[in-house]
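Let's take a friendly walk through a protein model, looking at its inside as well as its surface. Have the sequence and the 3D view ready.

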Amino acid sequence: MAEGGIAAAMANVDAADSWKTHFRDTMRGGKISQQLAHGAASRSESPDRVRELEQWGALFDRTESGDILQRAFGGHTFKRLCHVGDRTGLEMIRTLQDRGVQQGIDVYMECT
């Protein structure tokens, strides 16, 4: 349900944040060796995916200047969690279900 938020190095709150720092934090937090990470993507796409969710209708909390608000989260060097209060997961589900319906995909609620 992702209550905390979505980690994305958008630098809306901490201008020094970058995909490189986000990548390093992920490697450290997951105790992943650099050898295993060698073949990973060269940059983080998470800011693009957050903006995509926003374009599809996700309503993120905002800074005073109107940017997506980001907050601190364990293991992250900078404030990079994009969130909707403490219900980010529910907002993601709502947004993705709506997008699926718009695309003509059959959506079955409460199914596993």
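Does Val107 count as buried, partly exposed or exposed? This is a predicted model, and in it Val107 has a relative accessibility of 34%. Buried would need under 20% and exposed over 50%, so Val107 counts as partly exposed. Look for Val107 in the segment after α4 (88-102). Together with Val101, Ile105 and Met109, Val107 forms a nonpolar patch on the surface, and the four share about 370 Å² of accessible area.

Now turn to Arg80, in the loop between β2 (70-71) and β3 (81-82). Arg80 has a relative accessible area of 0%, so it is buried. Its side chain makes a polar contact of 2.6 Å with the side chain of Asp17. Among the other residues that Arg80 touches are Ile6, Ala8, Ser18 and Gln70. Arg80 also touches Thr21, His22 and Asp25, and these belong to the buried residues of helix α1 (residues 19-29), as does Met27. Just after α1, Lys31 takes a positive phi of about 55°.

Here are the two residues side by side:

| Residue | Relative accessible area |
|---|---|
| Arg80 | 0% |
| Val107 | 34% |

Finally, nonpolar side chains in soluble globular proteins tend to be buried together. The largest nonpolar core in this model has 10 residues, including Ile6, Ala8, Met10, Phe60 and Val84.

Methods
Residues numbered from 1 in each chain as written. Predicted model: local features only at pLDDT ≥ 70, side-chain atom pairs only at ≥ 80, totals over all residues. Heavy atoms only, no water. Helix = DSSP H or I, 4+ residues; strand = E, 2+ residues; numbered from the N terminus. Buried < 20%, exposed > 50% of the residue type's maximum accessible area, 1.4 Å probe, protein only. Polar contact = N/O pair within 3.5 Å; in protein donor to acceptor, adjacent residues only side chain to side chain. Contact = heavy atoms within 4.5 Å. Core = buried A, V, L, I, M, F, W, Y, C linked by side-chain atoms within 4.5 Å. Patch = residues over 30% accessible without salt bridge, like charges linked within 9 Å, V, L, I, M, F, W, Y side chains within 5 Å. Areas by Shrake-Rupley, 256 points an atom, 1.4 Å probe, with all protein chains shown as cover. Salt bridge = Lys/Arg side-chain N within 4 Å of Asp/Glu carboxyl O. Lists of a residue's contacts leave out its neighbours within four places in sequence.
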